[in-house]
Amino acid sequence: MQDLVEHSIKVITREQAPSGAYPACSSFKVYGYAWLRDGAFVADGLLAHGVTDGPRAFHEWTARVIDERAERIDEVVAALAAGAEVDQARFLPTRYTLDGRDGTESWWDFQLDGYGTWLWTLERFLAAAGTDGTPFAPAVRRTVRYLAATWRLPCYDWWEEHAERVHVATLTAVEAGLRAALRTGLLDAAGAATAATAADAIAALVATEGRVDGRLRKWLGSDAVDGSLLAAVAPFAVVDAATAQRTVAAVERDLLDGGGVHRFRADVFYGGGRWPVLAALLGHAYLRLDRPADARRQLGWIAGTAAANGDLPEQVSDRLLAPEHLPQWQDRWGPVASPLLWSHGAFLSLAAQLGVTA
Ligand code: BGC
């Protein structure tokens, strides 16, 4: 375990671009880009082990890419306020080139959760590193305005699917980010009111339409469960104890498979294997539910997915929900992505919670 902590820190540090961006997986065909979702969780995993230089560079890079898009954000916010349609290409991207440009290859780009997750991890970074947040204030304010204007819109989910839906994992990531932005103290009175109003409205929607049988649902109107919902239980902790408990029970019933966690029942991506990042989120959720032995078992399962050199994959393919779909993805993009930086970051984060350090 300690070796894997050490290796994870090394891999992430080695892979960070000079700009500060974290590629999702530089060796994988289409993952040479920086996703805010992945990068934010990666930075948070390092921070949990007291590493601050890399995370600081990541947060500075993110603030820069957001500030560089100030006019675009103003334009989107104004158009939505006026009730106008916004061209999908004007929304902020999900993934950036490592030097901070929008990607040129087409992608499932309109996703909001990464911006919420970034705010949430930035607040933790500022608090833990004792860093003056002032240089981040413009980007925090802009991200809050952007999310407050867009959160009701359907967009792609964590898995870059179903753009026509409003996803509960996206809503809860945005809520967590808005509440974190409030805690930074970097918002002026108007910005704080915007953040608080939007966060409360999201919480109210999630508490009503975002649940079925007392637990979170994959998207508004769906009865399915999704592994990404675990983040709302922990570490975001934006749902009450009863909802947390029932959401974990639904994940255990539908998605937990020998310690590994599938994304959702209908997953066909690389045949629908089990994801270390979700095994780690389940570990955090177990800690919230006061089940530390189960959380430790999750950490052990993740460690068991490491290759001989310690690299962690995006998913493992030994127990697939839809095995017939595996070959077509292998033909298209090659073997499963590894090392996936997010898997290493997720491992680091749970390891630190369990007191496992290098
Ligand atoms: C996953 C995303 C992830 C991206 C980069 C995609 O296959 O669905 O959640 O952000 O890969 O790791």
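This is a predicted model: local features need pLDDT of at least 70, side-chain atom pairs count only at pLDDT 80 or more; totals for chains, interfaces and linings use all residues.
**Helix α3 with helix α6**

- The axes of α3 (residues 53-67) and α6 (residues 137-150) come within 9 Å and cross at roughly 60°; helices are DSSP runs of H or I with at least four residues, numbered from the N terminus, and axes are lines fitted to C-alpha atoms over the stretch in contact, with angles running from 0 to 180 degrees between N-to-C directions.
- On the α3 side the contact is made by A63, I66 and D67, and on the α6 side by P138, A139, R142 and T143, where contact means heavy atoms within 4.5 Å.
- Sorted by class, this contact of α3 with α6 has four nonpolar, one polar and two charged residues; Ala, Val, Leu, Ile, Met, Phe, Trp, Tyr, Cys and Pro count as nonpolar, Asp, Glu, Lys and Arg as charged, and the others, Gly among them, as polar.
- The crossing in which α3 passes α6 is left-handed, a term used if the near helix is turned anticlockwise from the far one by less than a right angle.

**Helix α2 with helix α5**

- The axes of α2 (residues 36-47) and α5 (residues 113-129) come within 8 Å and cross at roughly 20°, which makes α2 roughly parallel to α5.
- Residues L36, R37, A40, F41, D44 and L47 of α2 meet residues of α5 that include Y115, W118, W120 and F125.
- By class, the contact of α2 with α5 has nine nonpolar, three polar and four charged residues.

**Helix α1 with helix α14**

- Helix α1 (residues 2-15) and α14 pack with their axes 9 Å apart and at an angle of about 140°, and these two helices are therefore oblique to each other.
- Among the residues that meet here are L4, V5 and I9 in α1 and L341, F347 and L348 in α14.
- The contact of α1 with α14 has, by class, nine nonpolar, four polar and one charged residues.

**Around the ligand**

- The ligand is surrounded by 13 residues, of which the closest are Y31, R37, D38, W158 and R263; a residue counts as near if one of its heavy atoms lies within 4 Å.
- A polar side-chain atom of D38 lies 2.6 Å from an oxygen atom of the ligand, and for R263 the corresponding distance is 3.3 Å.

**Backbone details in loops**

- A cis peptide bond, with omega about 10°, joins A234 and P235, and P235 lies in the loop between α9 (230-233) and α10 (241-254).
- S338 and P339 are also joined by a cis peptide bond, with omega about -5°, and P339 lies in the loop between α13 (326-333) and α14 (341-353).
- E160, in the loop between α6 and α7 (168-184), has phi near 65°, a positive value in a residue other than glycine.

Technical notes. Residues are numbered from 1 along each chain as its sequence is written. Side-chain values use heavy atoms; hydrogens and water are left out. A polar contact is a pair of N or O atoms within 3.5 Å; within protein, one must be able to donate a hydrogen and the other to accept it, and residues adjacent in sequence count only if both atoms are side-chain atoms. Angles under 35 degrees count as roughly parallel, over 145 as roughly antiparallel, 65 to 115 as roughly perpendicular and the rest as oblique.
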